[in-house]
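Please examine the sequence and the model shown below before reading on. The paragraphs that follow are meant to be read beside them.

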Amino acid sequence: MTQKPFISVVVAVYNGAKTLQRCIDSVYNQTSQNKELIIIDGGSTDKSVDILNANDDKIVYWISEPDNGIYNAWNKALDHVNGEWIYFLGSDDYLWKDTVFEELEPYLIKAKSENIRLVYGKVARVNENDEICCVDGSPWDYTWNGIIVDGVCTFTHQGMFHHRSLFDTYGKFNESFQIVGDYELLVRAFKKGGNALFTKDLIIAGMQTGGITNNCIKLVKETAKARREHQLKIITIPWLISYAWAIFYPSLNSILGSKNTRSLVNSGKLFVTGISHKKNVLLKHKND
């Protein structure tokens, strides 16, 4: 009999009282019992700690103390995880439905049997009114092309499950990054190739717009820094276009609103990276 995979959910929070309970409930209410929740609070001054105390029986480990950002918090959590698979969820995000982990189990079992260390699904970006702006998530060859070749973040980490051996092999998150430490980890792990399993029919999480990655210019600049450190080409056409988008994002947001702006940005990203992916596929076939 195949043993069901055990999932450790890591949440980093700082002054997230407004949404933290929803996040905790979405994990606690999963129909799968093979899970644990670890929360690292960065020394919140709102009512986040009160919420953690009230939910103490739902959290296997939590601590509240000043930290040096989200990747410092995630790294501290990694010292306490017991799961074979590790999942990072924002305190303002939530699992899409109560059966996400149960529906994911066959994919995690398949991935382990094929020595695949990253499983991911789709993520719905929602605004503060819980309106869906867009749904992210594409097959791995497209996603890999965006991350490694184009230098564009064609993924959302709220959809990704990491086998713990990935951290054993490649180390923890690089805490010198404030926004793209997750991107840098993927570059470190998949720069030379490697496979991941995409659960194309499963939305994993709802991701609230307006979080740390909303600082688009800083995100694009940190992406360049990560690529420089790994000797990857920085200036690509998709990266330049993403830089232009980043510059105009605040203006578009004020004119069109968060829902329409996010939808427009994602459509543009899909179009540009889609062309790049097709071009690289054709070049690969030509050279084979």
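The model is predicted, so local features are given only at pLDDT of at least 70 and side-chain atom pairs only at pLDDT 80 or more, while totals for chains, interfaces and linings use all residues. Residues are numbered from 1 along each chain as its sequence is written, and side-chain values rest on heavy atoms, with hydrogens and water left out.

Helices (H or I, at least four residues) and strands (E, at least two) are DSSP runs, numbered from the N terminus.

Which strands pair with β4? Two strands count as paired if DSSP finds at least two bridges between them. Strand β1 (residues 7–13) pairs with β4 in the parallel sense over six bridges, and W85 is the bridge partner of I7. Strand β8 (residues 160–163) runs antiparallel to β4 and is joined to it by three bridges, with I86 opposite H162.

Strand β9 (residues 197–208) is mostly covered, for nine of its 12 residues are buried. Strand β6 (residues 118–126) pairs with β9 in the parallel sense over eight bridges, and V119 stands opposite L197 there. Strand β5 (residues 94–95) is antiparallel to β9 and is joined to it by two bridges; Y94 stands opposite G206.

The helices come next. T223 is found in helix α8 (residues 216–229). Is T223 buried or exposed? T223 is buried, because its relative accessible area is 2%. Not counting residues up to four places away in sequence, T223 touches G151, C153, V180 and Y183, where contact means heavy atoms within 4.5 Å.

K233 lies in the loop between α8 and α9. K233 counts as exposed because its relative accessibility is 61%. The C-alpha atoms of K233 and G151 are separated by 7.9 Å, although the two residues are 82 residues apart along the chain.

Helix α9 (residues 237–256) has a kink of about 50° at F248, shortly before the proline P250. The bend at a residue is the angle between axes fitted to the seven residues ending there and the seven starting there. The buried residues of α9 are P238, W239, S242, A246, Y249 and L252. After α9 comes G257, whose phi is positive, near 90°.

The remaining topic is the space between the atoms. On a 1 Å grid over the protein atoms alone, a cavity is a set of points where a 1.4 Å probe fits but cannot get out, and a pocket is an open set with protein on both sides within 12 Å along at least five of seven lines; lining residues have an atom within 4 Å of a point. Grid points are joined across faces, edges and corners, and a volume is the space filled by probe spheres set on the points.

How many cavities of 30 Å³ or more does the structure hold? There are three. The largest cavity contains about 80 Å³ of space, and its lining consists of D136, G137, S138, Y142, T154, F155, N266, K269, L270 and T273. Helix α10 (residues 258–287) gives the largest share of this lining, four residues. By class, the lining has three nonpolar, five polar and two charged residues; Ala, Val, Leu, Ile, Met, Phe, Trp, Tyr, Cys and Pro count as nonpolar, Asp, Glu, Lys and Arg as charged, and the others, Gly among them, as polar.

The second largest cavity has a volume of about 60 Å³. Its lining includes Y120, G121, T143, G159 and M160, and divides into three nonpolar, seven polar and one charged.

The second largest pocket has a volume of about 250 Å³. Among the 13 residues that line this pocket, D150, I237, P238, S276 and K279 are the closest to its centre. The elements giving two or more residues to the lining are α5 (140–150), α9 and α10, and the largest share, six residues, comes from α10.

Note on methods:
Buried means under 20% relative accessible area, exposed over 50%, partly exposed in between (1.4 Å probe, protein chains only).
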